[in-house]
Amino acid sequence: DYIINLELTGLGDMVWFDGKNSNYTQNNKSISKIIEIVGEENLTNVHTPFSDSYVFRNKGLDSTCIGILPKHDINSHNTWHLCHSLNDTFDKCSEKDMSNFVQVLLEIIQGKKKEINTTEV
């Protein structure tokens, strides 16, 4: 039905999607599903560097690129300069941030927000 392309920086607490790119359309099933699961208030719409989603959309495929960035970097994208460079090393990643992002991905794949059980057993 759609493609969710990941562009991972390895750290950050803000989930973003590439809705400001030139070939992105609002009737995108992929982002509609992500918004439904994650909630619009938990997503940041950004313009990204060139990604595979751009190529997929040019081929007529429904695709959205998502990832995480630190709140302070959501508009300047300084963290992205690490990606695909010699400075792109594992020690710059955050295990906590990546674990949180994996949880978001699982929710998207499973098609539902994880229910938190507040009932004591």
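Reply: Helix α3 gives the most to the lining of the largest pocket, with six residues. The model in view is a predicted one. The pocket itself has a volume of about 300 Å³, and 14 residues line it. Of these, D13, V15, N42, N100 and V104 lie nearest the centre of the pocket. Two elements, β2 and α3, each give two or more residues to the lining. By residue type, the lining divides into six nonpolar, four polar and four charged residues.

The protein has three helices and four strands, and along the sequence they follow the pattern β-β-α-β-α-β-α. The four strands form an open sheet in the order β1-β4-β2-β3, with mixed pairing. Strands β1 (3-6) and β3 (43-45) are at the edges with a single partner strand each, so one side of each has no neighbour in the sheet. On average, and with direction ignored, neighbouring strands of the sheet are turned by 35° against each other.

Strand β2, one of the two contributors to the lining, covers residues 14-17 and runs parallel to β3, joined to that strand by three bridges. With β4 the pairing of β2 is antiparallel, over four bridges. F17 can be followed in both directions: N45 stands opposite F17 in β3, and I66 is the bridge partner of F17 in β4. I66 also has L6 standing opposite, and β1 pairs with β4 in the parallel sense over four bridges. In general, strands of a sheet pair through backbone hydrogen bonds, in either a parallel or an antiparallel sense.

Helix α3 (residues 95-110), the other contributor, lies across β1, β2 and β4 and runs at about 155° to β4. Helix α1 (residues 29-38) also lies across the sheet strands β1, β2, β3 and β4, at about 40° to β4 (63-69). Strand β4 is mostly covered, with seven of its seven residues buried. This applies to both faces: S63, C65, G67 and L69 are buried on one side, and T64, I66 and I68 on the other.

Is I35 buried, partly exposed or exposed? With a relative accessible area of 27%, I35 is partly exposed, because the value falls between the 20% limit for buried and the 50% limit for exposed. Leaving aside residues up to four places away in sequence, I35 touches E40 and L43. From I35 to F17 the distance is 10.0 Å, C-alpha to C-alpha, and the two residues are 18 apart in sequence.

Two figures describe the protein as a whole. Buried residues make up 40% of its 121 residues. Among contacts with a separation of 6 or more, 85% are between residues 24 or more positions apart.

How values were computed:
Residues are numbered from 1 along each chain as its sequence is written. This is a predicted model: local features need pLDDT of at least 70, side-chain atom pairs count only at pLDDT 80 or more; totals for chains, interfaces and linings use all residues. Side-chain values use heavy atoms; hydrogens and water are left out. Two strands pair if DSSP finds at least two bridges between them. Axes are lines fitted to C-alpha atoms, for helices over the stretch in contact, and angles run from 0 to 180 degrees between N-to-C directions. Contact means heavy atoms within 4.5 Å. On a 1 Å grid over the protein atoms alone, a cavity is a set of points where a 1.4 Å probe fits but cannot get out, and a pocket is an open set with protein on both sides within 12 Å along at least five of seven lines; lining residues have an atom within 4 Å of a point. Grid points are joined across faces, edges and corners, and a volume is the space filled by probe spheres set on the points. Ala, Val, Leu, Ile, Met, Phe, Trp, Tyr, Cys and Pro count as nonpolar, Asp, Glu, Lys and Arg as charged, and the others, Gly among them, as polar. Buried means under 20% relative accessible area, exposed over 50%, partly exposed in between (1.4 Å probe, protein chains only).
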